[in-house]
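Some labels in a structural description rest on a value and a cut-off.

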Amino acid sequence: MAEPEEPATDQELAAELALGVLDGAERAAAERHMLADPVFAREVEAWRERLGPMLAAVPDAAPPKTLWPRIEAVIAPAASVDDVVVQMQRWRTLAVGSMALAASLGAFLLFRPADMPALQPEGPAMVAQLSAENAGAVLLAAWHQDRSVFRVTPAALPVPAGRSPELWLIPADGRPRSLGLINPTGQTDVVINAELLPLVTGEATLAISIEPRGGSPTGQPTGPVVASGKMSVI
Amino acid sequence: MDDATGKSGADEARAQLSAALSRVAAGDRAALRDVYERTSAKLFGICLRISGDRQGAEDILQDVYVSVWGRAGGFDTKRASPITWLATIARNRAIDWKRAQGRRQVEPVEAAMQLADERPLATELLLAEEERGRLSDCLGTLEDRHEEAIRRAFFDGLTYAELAQAMAVPLGTMKSWMRRSLMRLKDCLENG
């Protein structure tokens, strides 16, 4: 008969999370703990600093000369809000790269495995914290699986007069799907219709763009992307 | 490393990198290029080492710098080692990538190491040699199999369950090895 396992102390748990050995429910619990407890979060960060020097032993390797131009293209400002090609390139990058954009959630998200099951039976399933590139959270979206609803709560979402904030779901394929307009100053429950439901997974990213009043005329984002964030299973 | 590029050279290189990251946080694209020139060989080496896949490593590296562009504001300039911050981002992204591949078979580590044959930049200047030596010494005080477990978790992204299987020990044993080793490691790092 297996001996019952001793629960990890906070110190041990922080080390385990930084090292990346936790999986599934254990990892989810540790990540929740990190969000809720700044002391614990600092301890995880301290462990990353402790273990990081191991990477010094890895030999350097020159990336191909073509790589910097690829990066430059992604971070270049869009020439105009109508420049859909650049915009879409940016969206795709957000879809794969936005995990790290949510600065205050960043450390936690860095360890989220992409293959973590998206929907856990005991759900409240997921949250996304949407952040601006160089600012903190502007909006929190919580996925209520039982009601197929995103509950969207803005923290600070400035919207110019005559414009509307539109919420987008960007699943693994990188193509934004409109989830409709949201209230920039109060809570909005965004109901997800059945055809989009399969796309609401831990792979997805949510983003906000600023659109003409009434929403994007094209069905794709046309205005600036002001915030984005990756879904996280909680 | 000779005297001229000793500790003060390393301190200066780190200070310059920290300053460049601060400019990136302020939205300076040229500063990101500067960070890239200083660190891409180190980070690409890490991406290659962990992913074992050259194309994958390129995608991960692109992702890392785009992420840094987006979140350099999260970098604390008081941090001792900006390269460790960047290297940890690269490591974590590479592990995420590897897990997203469904742990399909990738080239073994040796193959990735063979790819890493160029050292065009003196990034070792950026690395905290003292910390690196200390960590290495402290890892060396652990039992061999415990050290191996930590290294495999760190470099190959193995979880407890995978480590237990790979090293043929019960899960509970692996957890207790790991916890004990990590706490000993911390004690060694803090108290020598």
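The questions and answers below concern a predicted model.

Q: Why is R93(B) called buried?
A: R93(B) has 4% relative accessibility, and buried means under 20%. The value falls under the cut-off, so R93(B) counts as buried. R93(B) is placed in helix 4 (residues 82–100) of chain B.

Q: What makes the pairing of the side chains of R93(B) and S67(B) a polar contact?
A: The distance given for the two side chains is 2.7 Å, and a polar contact requires N or O atoms within 3.5 Å. The pair is therefore listed as a polar contact.

Q: How do you know that helix 2 of chain B falls short of the span of a straight helix?
A: Helix 2 (residues 29–51) of chain B has 23 residues, and at 1.5 Å a residue a straight helix would reach 33 Å. Its end C-alpha atoms are only 28 Å apart. Helix 2 of chain B also bends by about 60° at T39(B).

Q: Why is helix 2 of chain B described as largely enclosed by the rest of the structure?
A: Of its 23 residues, 17 are buried, so the description follows from that count.

Q: What is found at the start of helix 2 of chain B, and what just after it?
A: At the start, a side-chain oxygen of D28(B) comes to within 2.9 Å of the backbone nitrogen of A30(B). Just after the helix, G52(B) has a positive phi of about 65°.

Q: Why are helix 1 and helix 2 of chain A called roughly perpendicular?
A: The axes of helix 1 (residues 10–19) and helix 2 (residues 24–36) of chain A come within 10 Å and cross at roughly 110°. Angles of 65 to 115 degrees count as roughly perpendicular, so helix 1 of chain A is roughly perpendicular to helix 2 of chain A.

Q: Which residues of helix 1 and helix 2 of chain A meet?
A: D10(A), L13(A) and L17(A) in helix 1 meet residues of helix 2 that include R27(A), A30(A) and M34(A).

Q: What makes A207(A) a buried residue?
A: A207(A) has 0% relative accessibility. With the cut-off for buried at under 20%, A207(A) therefore counts as buried. A207(A) lies in strand 7 (residues 205–212) of chain A, and its C-alpha atom is separated by 7.7 Å from that of V226(A), 19 residues apart along the chain.

Q: What secondary structure does chain A have, and what share of its residues is buried?
A: Chain A comes to six helices and eight strands. Buried residues make up 53% of its 234 residues.

Methods. Residues are numbered from 1 along each chain as its sequence is written. Chains are lettered from A and ligands numbered from 1 in the order in which they are written. This is a predicted model: local features need pLDDT of at least 70, side-chain atom pairs count only at pLDDT 80 or more; totals for chains, interfaces and linings use all residues. Side-chain values use heavy atoms; hydrogens and water are left out. Helices (H or I, at least four residues) and strands (E, at least two) are DSSP runs, numbered from the N terminus. The expected span of a helix is 1.5 Å times one less than its number of residues. The bend at a residue is the angle between axes fitted to the seven residues ending there and the seven starting there. Buried means under 20% relative accessible area, exposed over 50%, partly exposed in between (1.4 Å probe, protein chains only). A polar contact is a pair of N or O atoms within 3.5 Å; within protein, one must be able to donate a hydrogen and the other to accept it, and residues adjacent in sequence count only if both atoms are side-chain atoms. Axes are lines fitted to C-alpha atoms, for helices over the stretch in contact, and angles run from 0 to 180 degrees between N-to-C directions. Angles under 35 degrees count as roughly parallel, over 145 as roughly antiparallel, 65 to 115 as roughly perpendicular and the rest as oblique. Contact means heavy atoms within 4.5 Å.
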